[in-house]
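Please read these notes with the coordinates open. They go point by point through the places worth a second look.

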Amino acid sequence: MTAATAARAGVSPVAADVRVVSARGDDGRAATQVLISPAEPVFAGHYPDFPIFPGVCVVECAHRSARATAPEPVELAAVESARFTGPAFPGDVLDLALKWRRTEGGWLCAVSAATARGGAASVRLRYRTATDPNRPGGPGTEPGGRVPGTSWSDGAVPEAELPEVLSLLPHRYPMLLVDRIATLVPGVRITGVKSVTHNEPWYAHLAPGQDPAYPSSLLIESWGQTAGLLASAAAPDISGQVMLFGSVAQAEFHRPVLPGDVVEHHISVSRSLGDSVIFEGESRSRSGLVMSVERMVMAFRPAGHLRPA
């Protein structure tokens, strides 16, 4: 890997290397593999009692595989969809099949991920050319949305009574990616706060000139944990249950998040379907809108679902 390639690779929550099994052919197809080591740093804090490779890390493997097989230098514009169909555990080999397709605004990469037990995820990633001068994030490019600071509906929990993050989430360092709850209307909406710092483990090996942008996969994970807080705060009894990431659609990235940024996740419940909840919302920093999410589905499941068969 050249120095320029390393700089473009940026920061990642996944320590394992991506091995290109077959390079992209004329039909746009490619294949990669990732060995999920038990030593991956995310296992220490992601459901510590039931080590499972986070869904967003599968998305990260898909993204890094796409970057390794891309037809030109690209940057991630959106996770158009990600659906998780089976768990990945420590020691698994993740096989990824990629299919590239040119689009009017850049490239679309469809990725299927599987372990020896079967399918793990299907992911659609949209990319723009890395040198595109019209990339989102510049002045005047911010889409509309709810303006932070607008009033919440009645039923907000008083600030002094807001629950602690640790009381509602099983995640721990380094995968606990919400610092506090700023506002909460149980069963309706929430604002969660995440401060990004150079002291996070993902930045341990950041080199001068390397892209310091916070990984998009971790931004989604932080957003999803905030959504989990909203759902858990409204659940009367979640004993023995965990909230699992089911799918996400149209997670759009508008500008990078950098060390020093404080991100606010503004999330509302779109629909509640028994043990599954559908969320929508956005994330903002001082610079403005950084991510918008059209739909994320999460579901309460028995904790035993996290154990390998």
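1. Basis. This is a predicted model; local features need pLDDT of at least 70, side-chain atom pairs count only at pLDDT 80 or more, and totals for chains, interfaces and linings use all residues. Residues are numbered from 1 along each chain as its sequence is written, and side-chain values use heavy atoms, with hydrogens and water left out.

2. Confidence. Mean pLDDT (the predictor's confidence in each residue, from 0 to 100) is 87 for the protein, and 85% of its residues reach 70 or more. Residues 1-8 fall below 50; this stretch has 7 contacts in the model beyond near neighbours in sequence (contact: heavy atoms within 4.5 Å). Residues 143-153 are also below 50, with 18 such contacts. Where pLDDT is low, the predicted coordinates should not be read in detail.

3. Glu40. This residue sits in the loop between strand 2 (29-35) and helix 2 (55-69). Helices (H or I, at least four residues) and strands (E, at least two) are DSSP runs, numbered from the N terminus. Glu40 is buried but has no salt bridge; Arg64, the nearest side chain of opposite charge, is 6.5 Å away. Buried means under 20% relative accessible area, exposed over 50%, partly exposed in between (1.4 Å probe, protein chains only). A salt bridge is a side-chain nitrogen of Lys or Arg within 4 Å of a carboxyl oxygen of Asp or Glu. For charge, Lys and Arg count as positive and Asp and Glu as negative; His and the chain ends are not counted. What does the Glu40 side chain have instead? A polar atom of the Glu40 side chain lies 2.9 Å from the backbone nitrogen of Ala16. Outside four places in sequence, Glu40 is in contact with Pro13, Val14, Ala15, Ala16 and Phe53.

4. Val74. Val74 belongs to strand 3 (residues 74-84). It counts as buried because its relative accessibility is 5%. Its C-alpha atom is 4.3 Å from that of Ala130, 56 residues apart along the chain. Beyond four places in sequence, Val74 touches several residues, including Trp100, Trp107 and Tyr127.

5. Strand 10 (residues 262-273) pairs with strand 11 in the antiparallel sense over 9 bridges (two strands pair if DSSP finds at least two bridges between them). Ile267 stands opposite Gly281 in strand 11. The two strands form a hairpin with 2 residues between them, and Gly274 in the turn has a positive phi of about 70°. In strand 11 (residues 276-285), 8 of 10 residues are buried.

6. Backbone geometry. Most residues other than glycine have a negative phi, and most peptide bonds are trans. Gln250 is not a glycine, yet has a positive phi of about 55°. Gln250 lies in strand 9 (residues 241-253). The peptide bond from Tyr173 to Pro174 is cis, with omega near 5°. Pro174 is in the loop between helix 3 (165-168) and strand 7 (180-185).

7. Salt bridges. The whole structure holds 10. Arg128 and Glu75 meet at 2.9 Å, N to O. Arg128 lies in strand 6 (residues 118-129) and Glu75 in strand 3, so the pair ties together parts that are 53 residues apart in sequence. Both Arg128 and Glu75 are buried. Arg117 and Asp92 meet at 2.5 Å, N to O. Arg117 is partly exposed, at 47%, whereas Asp92 counts as buried, at 12%. Shared partners join Glu80, Arg124, Arg126 and Glu252 into one network of salt bridges.

Definitions and conventions
Polar contact = N/O pair within 3.5 Å; in protein donor to acceptor, adjacent residues only side chain to side chain.
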